[in-house]
Amino acid sequence: MSIATTERTAVCLTPTVRSTPLPLGPLARVTGADEYVPVSDGATVRYANLDYAASAPALVEVQAAVQEALGEYASVHRGAGYLSQRSTSRYERAREIVAEFVGARADDHVIFTGNTTDSINLLASCVPGEVVVLDCEHHANLLPWKRIGARVVSAPLSVEGTLEALEKELSRRPAALVSVTGASNVTGEVLPIRRLAALAHRHGARIAVDGAQLVPHRRISLRESGVDYLAFSGHKLYAPFGLGVLVGRADWFDEAEPFRCGGGASYQVIGTPVSKSVEVAWHTGPARHEAGSPNVLGAVAIGAACEAIAGLGEDAVSRHERFLTDLLLTSLEGIDGVRTLKIWADSTERVGIVAFTVAGRTPREVAEFLSDEYGIGVRDGKFCAHPVVDRLGCPEGAVRASIGLGTGENDVRRLVRALEDLSARTK
């Protein structure tokens with residue numbers, strides 16, 4: 001029986017003729033959920049997307065919001081026409097929705113960027129002092145800081161040891177900012193953000209969180225957590241329309257030079273013919289760092305995504321994800337030759353990301369097998385986090401399966417079956 005036939009059969013059965021519950025289905029509707037792809041035997045199967053950590057498909061609510069906004073799309077902020085006013089309203093309303101979604105403080109700025117990497121580079125241009133960062137970060141939260149001479153702390157093999165190492169470094173020499181991951185993009189492990197914020201503040205530093213992998217899976221409140229700056233991407237938050245977000249305390253943003261210079265960032269430009277120079281007065285607020293025509297549709301998309309996810313309820317999202325993640329981890333433990341990865345021995349919280357290796361197979365071989373034979377999409381390589389993947393003993397990289405709102409139990413069980421098959425073929 002083919003994979004596709006098995007899944008169709010499961011859907012047709014009703015609780016009255018089953019002794020066990022129906023498989024857990026997706027929590028939300030995403031675009032592309034019914035896409036079928038070819039496999040090696042010539043059949044087609046429903047695509048099992050287990051690569052949410054790289055880029056998540058759009059929620060259907062996001063697709064609908066963008067479609068509606070397209071009909072009234074026009075220039076924003078400086079247009080007097082009705083459609084310009086409508087587009088401006090949508091753009092600024094999205095900023096308000098994002099602020100509500102992440103529990104921003106009343107005086108925080110919400111700045112729209114290109115993605116998380118863009119957001120962190122922007123923040124790096126604003127920090128008025130030294131920065132401390134861990135070596136287990138995604139390159140987006142490592143390389144911008146390295147370029148400005150950040151102090152890199154090696155993360156020990158325990159969460160408690162990592163906090164102690166940061167405490168020791170800040171005690172040795174103060175810093176303006178500590179920048180950490182919210183959830184590892186390699187293993188999904190979550191650091192204790194509130195404790196890290198308290199630690200940084202205790203030493204007179206602010207804290208920035210790379211929330212690219214945290215925000216799509218767990219709600220975070222800047223007010224409640226004490227986080228000073230939060231960066232994340234629309235394409236990981238079910239809004240793949242080229243927008244990123246940087247939220248945080250206004251003073252550093254308002255005092256720094258604009259991240260990009262151009263129209264919209266300036267409110268007055270005066271040419272002085274005598275000295276043959278140009279004098280510029282820059283805006284404060286988000287506009288200071290949003291030069292050029294903004295990504296209105298990206299803002300509409302991310303606002304719709306935030307509203308849709310908030311409407312699901314935080315408990316529902318975490319329960320759905322924990323069930324599927326626990327199912328995957330438990331199942332992988334029983335497959336010969338499969339090793340799952342973990343950075344911190346004492347970590348207890350993780351989002352729906354599981355990285356693993358298969359003995360005797362390169363990560364690319366595993367990923368190609370899963371795609372060619374079973375119609376499963378995963379990620380392979382070092383996930384733009386080379387130092388930590390190398391430290392975990394994976395010089396060739398690993399395979400990463402990541403779960404999202406559109407993932408169902410059948411997707412996870414198909415991955416397990418495929419890896420059992422591959423393990424048997426490897427012996």
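Modeller: A word on ground rules: residues are numbered from 1 along each chain as its sequence is written, and side-chain values use heavy atoms, without hydrogens and water. As the model is predicted, local features need pLDDT of at least 70 and side-chain atom pairs count only at pLDDT 80 or more, while totals for chains, interfaces and linings use all residues.

Colleague: How do you know where domain 1 and domain 2 lie?

Modeller: The bounds come from an automatic or database domain assignment. That assignment gives 36-52 + 313-425 for domain 1 and 60-312 for domain 2.

Colleague: What makes residues of the two domains count as being in contact?

Modeller: Their heavy atoms must lie within 4.5 Å. By that rule, 34 residues of domain 1 touch 31 residues of domain 2.

Colleague: And what is meant by the area that the domains bury between them?

Modeller: Buried area is the accessible area (1.4 Å probe) that two parts lose on being put together, summed over both. Here this comes to about 3,000 Å², with 57% on carbon and sulfur atoms. In domain 1, Trp 344, Val 351 and Arg 391 lose the most area to domain 2, together 24% of what that side buries.

Colleague: Why is the pair Arg 218 and Glu 321 called a salt bridge?

Modeller: The term asks for a side-chain nitrogen of Lys or Arg within 4 Å of a carboxyl oxygen of Asp or Glu. Arg 218 and Glu 321 have an N to O distance of 2.8 Å, so the pair qualifies. Across the interface of the two domains, the rule finds 3 salt bridges.
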